[in-house]
Amino acid sequence: MDQASFISEFRFIMRIHHGLNLWLVVLSLPFLAETRQTALAEHDGVAEKRQPNILFIAIDDQNDWIGCLKGHPQVQTPHIDALAEKGTLFSNAHCQAPLCNPSRTSLMTGLRPSSTGIYGLAPWIKSLPEFENYVTLPQYLSRHGYKTYTTGKIYHGGNGRKKTDSEFDVIGTAAGVGIKPPDKLVETPAKHPLVDWGVFPHEDKDKGDWKVADWAVQTLKGEIRENPDQPFFLSVGFFLPHVPCYATQKWFDLYPEDQLILPPILAHDRADTPRFSWYLHWKLPEPRLKFLLEANQFSNLTRSYLACTSFVDSLVGRLLEALEQSGQAGNTIVVLWSDHGFHLGEKEITGKNTLWERSTHVPLIFAGPRITVGANCSEPAELLDIYPTLIELCGLPKNDRLEGHSLMPQLMDAKAVREFPAITTHNHDNHSIRSRRYRYIRYADGSEEFYDLESDPNEWNNLAKSRGVEELMEQHRLFLPGINRGPAPGSKNRVLTFQNGKIMWEGSEIKAGDAIPEL
C-alpha cells in the first residue's frame, strides 16, 4: 500500500473514531478562507517592513505537568499558561525521541531519528560526513537574513556552541546546574552526581538557568532593541527540571507535602507489557519506583520536580516581559517546547527512555503574528513540525529535505484535521505511533502494545492481545517509519541494539534469563 493509501486509511479511522463531521468542515471552508485572508491582511503592514522575529524557548525534561496541559492538578505555571492563552496550544504534541540528543537533533534538522541513526547521547550529527553540511533550522534562518542567538541548552551538551560549528551568529551563556550543595542530598543506587533532588539554602540568582535568562533578557533589552529592523532568532534553553532537581524554598512552599498529590501508580503495571520494554531503559542512573518507595523519596522527588517546573515558568515570564520591553513583541513568534517528558514513578521507573505518554507528551505552544489566540489543538503534533512551521510562518522558501509537516493549518484553525500521527522512536526499530485517541507501540523484536488513551489515560491496560482492535492496530502500523537506520558511527550512551536475536545494551549482552536491574 502506498503513502496516499496510508493517509486515506488513517483519515478513515480518525473520522469514524473521533466523530469528525466532514460536511461541517466542507461548509466552513469559505468562512475559514475569509478568516485567513483577514488575519493575513492585518499583518501585511508588519510583514512588508520585515520578517517576524522568533523567540525559541526550550525546557529540558519537561513533561505535561503544565497548568494548561493538566498533567498534574497542582502544578503552578502562570506564565506558560498565559502564553498559551495568547496563542495556540498543541495539547497532543509528542517528541520524536525520549532522550536529549536524538530529540533535539530531530527538531533542529527536521529529520527523524530513524533517518539519521542518532539514537544515543552521541554522536553530534555534524560530526558525520553525510550531515556535515546539512542546513539546520538556525542556519536556514541565518541564510534568509536572520541574526541568530543562542543561550543555554538547545542542542545536547556543547553541540552547536563552538564557533567552528557555525550554528549560531551569537553564542551566549552556556547551560549549567549552577550552585550545588556540598554533598548529594539523596543517595541513589547509581551514585550518579546529577541524579539528585531536594532543597538546600541558596538563591535563585545562583542557578544556571537564572544566568541563561539574564543573558537573554539583556540581549532583548540591548542589542535587539537597538536594532529593530534586524529580524532575529533568539533560542533560550533551560536546563531544569532536568536532574538535579534543586530549587529554593520559595518554590517548594508552593507544594506543601501534607497536601501533595502523587502521580497515579498501578501496582505491577508492567505485567502486561513485553519484556523488551525494559531493554529500552535496562540500566540507567535514574532509579526505579521501588527505590522511591523504599527510601521514602516519592514525595520529595515529586515536590522537587514541581518546584523546578514553577521556577522555570518564572524565567519564561522574565523573557516574555523583556520581549515586551524590547518593543518587538508585536512582530515576534514565540515557540515554547520541551525535548521530551519524564516519568516520576509511572510504569515503575523515573526518567525518560520509554515510548509511553509520560515520556513522549510535551508542551508545544506557538504565539504571535498569524497565530490564532486562545486556541487548543488536540490533533497529534510532532516537534519535527516546528522547522517547517516556522518557515511557513516567516514566509520563507520551502525546505524539501524536511520530514515534518507544517502546523500552519492548525495555527489558523485548531480544529483542522491532521492527517498524520505523532511518531516517537527510541533506539533502532522501536517506535510509538500516537494518533488522536490511541497509542501503538512496536519493539524491535516484534512485540506490541496498544492503548486507548480516551478510556485509559494512564496506559494501564495493554489491549494488543484483545479482540476487536486488530484493524485499529493495523491502521497504526501503516505509519511505522519505512527507513530504520542502525546506530550512526560513534553512537554511545543509552544505546540498545537487537540483531539476530542478540540484545546489546551499551555494549553488553542481555541474556534471556537476566534479572531486570533494581527490581
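Biologist: What volume does the second largest cavity have?

Modeller: This is a predicted model, and in it the second largest cavity has a volume of about 40 Å³. The residues that line this cavity are T150, G152, K153, I154, Y155, G157, N159, G160, R161 and F168, and by class they divide into three nonpolar, five polar and two charged.

Biologist: A pocket, unlike a cavity, is an open set of points. Which residues lie nearest the centre of the second largest pocket?

Modeller: D64, E357, H361, L453 and P457 lie nearest the centre of the second largest pocket, which is lined by 34 residues. The volume of this pocket is about 740 Å³, and its lining has twelve nonpolar, ten polar and twelve charged residues.

Biologist: Let us turn to the strands. In what order do the eight strands of the open sheet stand?

Modeller: The order is β5-β4-β7-β1-β9-β12-β2-β13, and the pairing in this sheet is mixed. At the edges stand β5 (170-171) and β13 (375-377), each of which has a single partner strand, so one side of each is left without a neighbour in the sheet.

Biologist: How many bridges join β4 to β5, and which residue is the bridge partner of T150?

Modeller: Strand β4, which covers residues 147-152, is joined to β5 by two bridges, and the two strands run parallel. The bridge partner of T150 is I171 in β5.

Biologist: Which strands does α12 lie across?

Modeller: Helix α12 lies across β1 (53-59), β7 (232-238) and β9 (332-338), and this helix runs at about 165 degrees to β7.

Biologist: How should I read the packing of two helices, and at what angle do α4 and α12 pack?

Modeller: Two packed helices are described by the angle between their axes together with the distance between those axes. Here, helix α4 (residues 78-85) and helix α12 (residues 298-325) pack at an angle of about 50 degrees, and their axes are 7 Å apart. The two helices are therefore oblique to each other. On the side of α4 the contact is made by P78, H79, I80 and L83, while α12 contributes D313, S314, V316, G317 and L320. Sorted by class, this contact has five nonpolar, three polar and one charged residues.

Biologist: In what order do the strands of the three-stranded open sheet stand, and is their pairing parallel or antiparallel?

Modeller: The order is β19-β20-β21, and the pairing is antiparallel. β19 (496-499) and β21 (508-510) stand at the edges with a single partner strand each, so one side of each is left without a neighbour in the sheet. From one strand to the next, the twist averages 30 degrees.

Biologist: How many bridges join β19 to β20, and what is the bridge partner of Q499?

Modeller: Four bridges join β19 to strand β20, which covers residues 502-505, and these two strands run antiparallel. As one example of such pairing, the bridge partner of Q499 is K502 in β20.

Conventions:
Residues numbered from 1 in each chain as written. Predicted model: local features only at pLDDT ≥ 70, side-chain atom pairs only at ≥ 80, totals over all residues. Heavy atoms only, no water. 1 Å grid on protein atoms, 1.4 Å probe; cavity = no way out; pocket = protein on both sides within 12 Å on 5 of 7 lines; lining within 4 Å. Points joined across faces, edges and corners; volume = space filled by probe spheres on them. Nonpolar A, V, L, I, M, F, W, Y, C, P; charged D, E, K, R; others polar. Axes fitted to C-alpha atoms, helices over the stretch in contact; angles between N-to-C directions. Parallel < 35°, antiparallel > 145°, perpendicular 65-115°, else oblique. Contact = heavy atoms within 4.5 Å. Pairing = 2+ DSSP bridges.
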